[in-house]
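Hello,

Here is the structure I promised to pass on to you. Have a look at it first, and then read my notes below.

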Amino acid sequence: MRADPPASGAARVPQAVYLDYHATTPVDRRVFAAMAPYFTTHFGNPHSRHSFGWQAEAAVAHARGHLAKLINARPDEIVFTSGATESNNLAIKGLARSRSSRGRHIVTVVTEHHAVLDPCHSLEREGFRVSYLPVDGEGRLNLEQVAEALTPETILLSVMAANNETGVLQDLPALGRLAREHGVALHTDAAQAVGKIPVDVRAWQVDLLSLSGHKMYGPKGIGALFVRRDGPTDLVAQMEGGGQERGLRSGTLNVPGIVGLGEAALIAAQEMAEESRRVAEMRDHLRDRLLEALPDVRVNGSWQHRLPHNLNVSFAGVDGDALMMGLQDVAVSSSSACRSGEAGPSYVLQALGLPPALAQATLRFGLGRFTTPAEVETAATQVIQVVRALRDVAL
Ligand SMILES: *Cc1c(COP(=O)(O)O)cnc(C)c1O
């Protein structure tokens, strides 16, 4: 971890190459421009019955339409929240505690984000039983194991669409079929997938889907939960009050954030295909450079079933903290730094079978919309240099 930027703002900090797009993305300038008027001139409350309110209400409806279209949902199936963490909590705890939920068993996966695992732990303390399924060496679920885990007591299957460390994709259409066959609701944390790969709630047959604005070039503090209309509609709200968002999420709507998320969704729908090709090409080049220059480099996670902008690599015989410290001009994550303050090697990589020492010697690269080939070159050169230096010391 690098030192914090000075309190006066980051102006004097030399700009590092940013390759941490899984942690967050910059707000696209077009998104920012769309949002700006909704802070100042168009500041109305969308629930007010006058022209200021109607203007805000129309903007929210417009944004809701764009977001729904991106995931092939209906606009009335979108519930705006503060982000994917809140969406996951609403989906998992809201469903488990709803009146129509009859059983007390939930199935999820060991490699899920903490925003899924922690609500599951909460429910265990309330008497629910949770099965945490393992993944294979590529980070993928075994569908037969999923089928075996589903019992008549099971109410929910929660499986992320794309992993935030390895970028590994799960087979959502197949999981959707399984969940339907067993009469189990399916939730997916798609925070890393939406806007990066095609997401289709109908083709996937998901009942609940979480997404986040700041992972797709929108602002922080806004997200959404897709709640299927003919699915589990009596979720217990986490936030009670004015009854906004079908009563599932009370509180005055974050209009600028929603406008930003809508614009981000519109841009993603238009540019995703071209952007994925361009970013994947740079990502592949980065992998090739590292593998050609360095021995004992391991690429973690399935290469075939993977986000186009993710590269997760371990460097045997290198100390992960020293590696991070050495990378002065490249902002990446060590896979161990995914939860603030958490020490120790990544539980995700260990679930793929990596020994702790190798898991600790890992970098997660997340490329994105504003990454350039020159930046990738800088990053590759610096990583190669630092790994070589550390290995020389270790000899
Ligand atoms: C970032 C992320 C979250 C949390 O999203 P917020 O909008 O920051 O709350 C949840 N799940 C995954 C997979 C993520 O990558």
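Let me start with a strand pair: β5 (residues 154–158) runs parallel to β6, and the two are joined over three bridges. Two strands count as paired if DSSP finds at least two bridges between them. Helices (H or I, at least four residues) and strands (E, at least two) are DSSP runs, numbered from the N terminus. One of the bridges to look for links Ser158 with His187 in β6.

Before going further, please keep in mind that this is a predicted model: local features need pLDDT of at least 70, side-chain atom pairs count only at pLDDT 80 or more, and totals for chains, interfaces and linings use all residues. Residues are numbered from 1 along each chain as its sequence is written, and side-chain values use heavy atoms, with hydrogens and water left out.

Back to β6. Five of the five residues in this strand (185–189) are buried, so β6 is largely enclosed by the rest of the structure. Here buried means under 20% relative accessible area, exposed means over 50%, and partly exposed lies in between (1.4 Å probe, protein chains only). In a regular strand the side chains alternate between the two faces of the sheet. In β6, Ala185, His187 and Asp189 point one way, while Leu186 and Thr188 point the other way, and all are buried.

Now the whole chain. The protein chain has twelve helices and 13 strands. Its C-alpha trace spans about 70 × 55 × 35 Å along the principal axes. A compact globule of 395 residues would have a radius of gyration near 21 Å, and the chain agrees with that, since its own value is 21 Å. That radius is taken over C-alpha atoms, and the globule rule is 2.2 Å times the number of residues to the power 0.38.

Of the 395 residues, 54% count as buried. The chain exposes about 16,900 Å², with carbon and sulfur atoms supplying 54% of that area; the areas come from the Shrake-Rupley method with a 1.4 Å probe, and for residues only the protein chains shown count as cover. Among contacts between residues at least 6 apart in sequence, 73% join residues at least 24 apart, where contact means heavy atoms within 4.5 Å.

There is also an open sheet of four strands, in the order β9-β10-β13-β12, with antiparallel pairing. Its edge strands are β9 (297–299) and β12 (333–334), each of which pairs on one side only. Within the sheet, β10 (residues 310–315) and β13 (residues 362–366) pair in the antiparallel sense over five bridges. Val313 stands opposite Leu363 in β13, and Leu311 is opposite Phe365 in that strand. On the β12 side, β12 and β13 are antiparallel over two bridges, and Ser334 has Leu363 as its bridge partner in β13.

Strand β13 is itself largely enclosed by the rest of the structure, because five of its five residues are buried. Thr362, Arg364 and Gly366 point one way from β13, with Leu363 and Phe365 pointing the other way, and all are buried.

- Thr111 sits in the loop between β3 (105–109) and α4 (114–125). Thr111 is buried, at 4% relative accessible area. Not counting residues up to four places away in sequence, Thr111 touches Val135, Met160, Asn163, Tyr347, Val348, Ala351 and Leu352.
- Lys215 is in the loop between β7 (208–212) and β8 (223–227). Lys215 counts as buried, with a relative accessibility of 11%. Leaving aside neighbours within four places in sequence, Lys215 is in contact with His22, Ala23, Thr25, Ala191, Gln192 and Lys196.
- Arg246 lies in the loop between β8 and α8 (255–293). Arg246 is not a glycine, yet has a positive phi of about 60°. Arg246 is partly exposed, with a relative accessible area of 33%.
- Asp296 lies in the loop between α8 and β9. Asp296 is not a glycine either, and has a positive phi of about 55°. Asp296 is exposed, at 58% relative accessible area.

Best wishes
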